[in-house]
Amino acid sequence: MGQLTLPLYITGAGAVTAAGLTASQTCAAIRAGVTGFSLETLSEPFGAEQTVARVPANWRLKRDAGQWLINLAARAIREAVQDAAEADPVPMERTALFLTPPESHRNHPAYENVAPPALLDGIFAACEITFHHSSRVVDGGAAAGLGLLAQASALLAQGAVDRVILAGVDSLVNPTDLARLMGANRLAGGSNSQGLIPGEGAAAVVLSPRAPGKQRPTCAILSVASAREVNSVFSEGFSQGRAMLSALREASRKGEADGEPFVDFVLSNGNGERYGAWESMITCARFYRTRRERTPTAMPAMSVGETGSASAALTLVVARDAFANGYAPGRVAMAEIASDDGLRSAAMLRTTAAAAQLQAG
């Protein structure tokens, strides 16, 4: 699915991560290279130390893993709604919520307390907001979150809703995920310099078919595409980047004003793992064929750790902040998102001014 039914404009954003409790704090930390990492002593194996990116919060918010995810998601969603209120005043009954929680195959401890579909009810209650009945929870991790952009665009084009909130929430800082990642030698540490730092957090963006106006610059999402990688992180072999390459090529075929030569910078959920670095190296050499002095790349995980299913929405938060505050290294960006199970998604984004010029032409 390489083209959206209509462009999507990001009119609001919210985030809570180990590096910042709001979208602006998180983006400032990422831009400055500030991390939210800390060294913790694990109970299993007893005495082992691990660098993690844990969101600082009162213990009452973490009484159980399910409620913790609800609290994280609700905070990011409330911030995004408030951020969009002035530029995009829409009744919440005409707003749909699309959420990507931790993947089902991980047996996340949150699901011992609340099933994935019930997360929506918990978030609705925590936000004290009544969303449109088309709201949904989608399995598949970060790449599935980016892939939801096409569904959001179609829903808006039908007139069923006036805007869509795309949100993701996850936490890898729990005994189940830490044991799984440690067993697969995927954690960064003294014996593995090319591993991930487990993190947690939530991010949300408000998507509208209408640009917020010149007084509030933002970015437009012009296209999205997804593909399935056969050699996932669970496979014995390394990925050759075929699925990501396919998604990138499809996403770049939006129109004659777009394409690989026009991409100025990249946003990625790469987390430092050897598997992902290998795939990225192969894919970039095959897709970015235009000569460039350098290709600026934003990797939020370098500051906030691996945020799993929240990382797609987080990259959109970072893109919007970069365009809105004038520090984006160009007018066109490409988001590259990968999920552990092999799903790959790519999306092309432009500044609102550039998108308006494209439509006028």
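Reply: Leaving aside neighbours within four places in sequence, Thr352 is in contact with Tyr9, Pro212, Pro217, Thr218 and Cys219. This is a predicted model, and what follows should be read with that in mind. Thr352 belongs to helix H10, which covers residues 352–360, and its relative accessible area of 15% places Thr352 among the buried residues, because buried means under 20%. One of its contacts, Cys219, is also buried, at 0% relative accessibility.

The structure holds zero of them. Cys219 is accordingly in no disulfide, and the nearest cysteine sulfur, which belongs to Cys27, is 11 Å away; a disulfide would need the two sulfur atoms within 2.5 Å. Another cysteine, Cys284, is partly exposed, with a relative accessible area of 29%.

Ten strands form an open sheet with mixed pairing, in the order E5-E4-E6-E7-E1-E8-E12-E11-E9-E10. The edges are held by strand E5 (136–137) and E10, each of which has a single partner strand, so that one side of each is left without a neighbour in the sheet. Helix H6 (residues 242–251) packs on this sheet and touches strand E8 (219–228), E11 and E12, with its direction making about 30 degrees with that of E12.

Within the sheet, strand E9 (residues 265–268) can be followed residue by residue. In a regular strand the side chains alternate between the two faces of the sheet. In E9 both faces are covered, with Phe265 and Leu267 buried on one side and Val266 and Ser268 buried on the other. E9 is joined to E11 by four bridges, and these two strands run parallel; in that pairing Val266 stands opposite Met334 in E11. Towards E10 (residues 297–298), E9 is again parallel, here with two bridges, and the bridge partner of Leu267 is Ala298 in E10. The chain passes from E9 through H7 to E10, and this β-α-β crossover is right-handed.

Helix H7 also carries Arg286, which is partly exposed at 35% relative accessibility. Not counting residues up to four places away in sequence, Arg286 touches Gln240, Leu245 and Arg249. Relative to Tyr9, one of the contacts of Thr352, Arg286 lies 277 residues apart in sequence and 30 Å apart in space, taken from C-alpha to C-alpha.

Side chains of opposite charge can pair when their charged atoms come close. With a cut-off of 4 Å between nitrogen and oxygen, the count comes to 14 salt bridges.

The side chains of Asp340 and Arg186 meet at 3.2 Å, N to O. Asp340 sits in the loop between strand E11 (332–338) and strand E12 (343–351), while Arg186 sits in the loop between helix H5 (175–183) and strand E7 (200–208), which puts the two 154 residues apart. Asp340 is partly exposed, with a relative accessible area of 22%, whereas Arg186 is buried at 8%.

Asp83 belongs to helix H2 (residues 65–84) and Arg320 to helix H9 (residues 311–324), so distant parts of the chain are linked here across 237 residues. Asp83 is partly exposed, with a relative accessible area of 21%, and Arg320 counts as buried at 11% relative accessibility. Beyond such pairs, Glu103, Arg106, Asp170, Asp177 and Arg180 are linked in a network of salt bridges.

Technical notes
Residues are numbered from 1 along each chain as its sequence is written. This is a predicted model: local features need pLDDT of at least 70, side-chain atom pairs count only at pLDDT 80 or more; totals for chains, interfaces and linings use all residues. Side-chain values use heavy atoms; hydrogens and water are left out. Buried means under 20% relative accessible area, exposed over 50%, partly exposed in between (1.4 Å probe, protein chains only). Contact means heavy atoms within 4.5 Å. Two strands pair if DSSP finds at least two bridges between them. A crossover is right-handed if, with the strands pointing away from the viewer, the path from the first strand over the helix to the second runs clockwise. Axes are lines fitted to C-alpha atoms, for helices over the stretch in contact, and angles run from 0 to 180 degrees between N-to-C directions.
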